[in-house]
Amino acid sequence: MYERMMNSKLMQGKALPVLIIIGLILVFWYVMAVKLNTPWQLGVYERAGVTEWTNSQFINDTLNQDRPVLPSVHQVAEEIWNTTVLKSPTSRRSLIYHTWITLSATLLGFTIGTILGISLAIGIVHSRAMDKSMMPWIIASQTIPILAIAPMIIVVLNAIGISGVLPKALISTYLSFFPIAVGMVKGFRSPEQIQLDLMHTYAASKSQVFSTLRWFAAMPYLFTSMKIAISISLVGAIVGELPTGAVAGLGARLLSGSYYGQTVQIWSALFMAAALAATLVSLVGVVEKIVTRKMGVRT
Amino acid sequence: MNTNLLMIALVFWLGAWALNEFLVRLTPQNQTIVKAINLFVPVLFGITLLVIWEFVTRGLNVSPILLPPPSMIWARILVSLHILWADFQQTFLKSVLVGFFAGCSSGFLVAIAADRVPFLKRGLLPIGNFVSALPIVGVAPIMVMWFGFDYQSKVAVVVVMTFFPMLVNTVSGLAAASVMEKDLMRTYASSYWQTLFSLRLPAAAPFIFNALKINSTLALIGAIVAEFFGTPIVGMGFRISTEVGRMNVDLVWAEIAVAALAGTCFYGVIALIERKVTFWHPSVRAGRG
């Protein structure tokens, strides 16, 4: 009886369904891995002259190929383990080294983008001319597939001697300023008329209204926008690494992996990128919690 | 360096700025004039940017490899229309549109299924939210490996990229109908599907269109980036990455102009349909004045 209650409670929550679905995805993954890798494995047996094999041996072999069409999860996990824990972080073969390259571009671009987005929003809120003339363009700028410009920015800046982290960061900046600018315009305008009127009775100047009311009212919007912005600046940094000819970074790992058919390497870079994105977003979430608590929000 | 050209740029900029400041301070009673001003101000801003770009690049003798002036890009567009059209066909008509429709409709159908089966909803939604934050473009090399160099692999990337925003938005849209409205449907003894089609889907429309808008940009990005990993010798992404290597920067800009135009039109069409479908929504009603 008690157990049944526990069960139903678990089923009501999120943890168990999520775990079951992840489990199903893993099972599906292994089935697909066996299926997709079968043709190659048959070829291997034919060349080696192996004519008889047991099912378990066959499945084991398909899941442990060198360059599988779809690597199995444990291969990817092993590759990640080998390239993070077992390699020194400064080695070029270490995934941590590549992750750091991408992360530094992401963070630099995100920081510039946030500052730019906030300043644009301040201008737009305080100047009608800026609001009317720039807002449509800021929105239109996002319908442009900006990542298409990425290779050009990289190559052109390289040609005039600017290379390394800055060009990639600029792409991240372009991608991340938009959610911040739009969110902050909304946030700076979120104080209600009654609050603005109160500031007016205090004879507060525009800058005082901004620093004591608008800025704090915009905080929830800031963090929501920052969560979106940081995950797309990571995308920007990764794509920015593609055209540099696969030198360093997670994007370069993807590209060199696809050149040389190293699927395990591609998947491990992908998983690393996913983990990085999740970490960054949840870090913003932690900062949000601390700041809102400091501001007196009780949850 | 040519100071005259720089001066022209400066004068034009200040003049346009002053004109805009003047225009936004007008308070005409006539609605048509208000609309005209609202349209004219951003257009003037755009023209100003182009003029500054043109005269500053010419005035400072910026190398065309670094940043070609707009007139040069325009000339390039005119002479290479056939290349641009071929790339547009390959990337936009074949990869983006097909992938966009496949990805959005499958996301939509899975969302309906998740709505019908609460277990799926609780299990899928956190995963969907998580995946939406991931750099999904990264699957491009894998898709190119699986589906070959031609447009099929780009379609696959676009499908994966557009699936999750659609799923997440539709599910939260389906929760948008209020309890009172659902109760009313119950008093009519309407079935699940009747409630879905006459109440909950219309209520979810703003969310669904939001996903469609996000996806219109994502689809174009996905297709172009996937082409960096391998294509037949046609396509916008292919052209951009090879012509950059050959320092034909004006052709790259021409390609980007086409991509920008395509992206904006795609977005605009969806926004227009949204206005027609969700005419009841406050944001649309406010827009009509």
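How many residue pairs, both at pLDDT 80 or more, are in polar contact between domain 1 of chain A and domain 2 of chain A? Please keep in mind that what we are looking at is a predicted model, and that for these two domains the count comes to 1 residue pair.

Let me set out that domain pair before I turn to the chains. Chain A is divided into domain 1, residues 2-70, and domain 2, residues 95-294, and the centres of the two, taken over C-alpha atoms, are separated by 38 Å. In the contact, 6 residues of domain 1 of chain A meet 7 residues of domain 2 of chain A, and the area buried between them is about 470 Å², with carbon and sulfur atoms giving 56%. Of the area that domain 1 buries here, A:W29, A:R67 and A:P68 supply 72%, more than any other three residues.

Now to the interface of the two chains, where 48 residues from chain B and 53 residues from chain A take part. The buried area is about 4300 Å², and carbon and sulfur atoms give 84% of it; on the chain B side, B:F119, B:R122 and B:P135 supply 14%, more than any other three residues. Between these chains we find 0 salt bridges and, with both residues at pLDDT 80 or more, 0 residue pairs in polar contact. Several helices of chain B each supply at least two residues, among them α1 (3-25) and α9 (192-228), while the largest share, 9 residues, comes from α11(B). By class, that side of chain B has 38 nonpolar, 8 polar and 2 charged residues.

Key: Residues numbered from 1 in each chain as written. Chains lettered and ligands numbered in written order. Predicted model: local features only at pLDDT ≥ 70, side-chain atom pairs only at ≥ 80, totals over all residues. Heavy atoms only, no water. Contact = heavy atoms within 4.5 Å. Buried area = accessible area lost by both parts, 1.4 Å probe. Salt bridge = Lys/Arg side-chain N within 4 Å of Asp/Glu carboxyl O. Polar contact = N/O pair within 3.5 Å; in protein donor to acceptor, adjacent residues only side chain to side chain. Helix = DSSP H or I, 4+ residues; strand = E, 2+ residues; numbered from the N terminus. Nonpolar A, V, L, I, M, F, W, Y, C, P; charged D, E, K, R; others polar. Domains from an automatic or database assignment.
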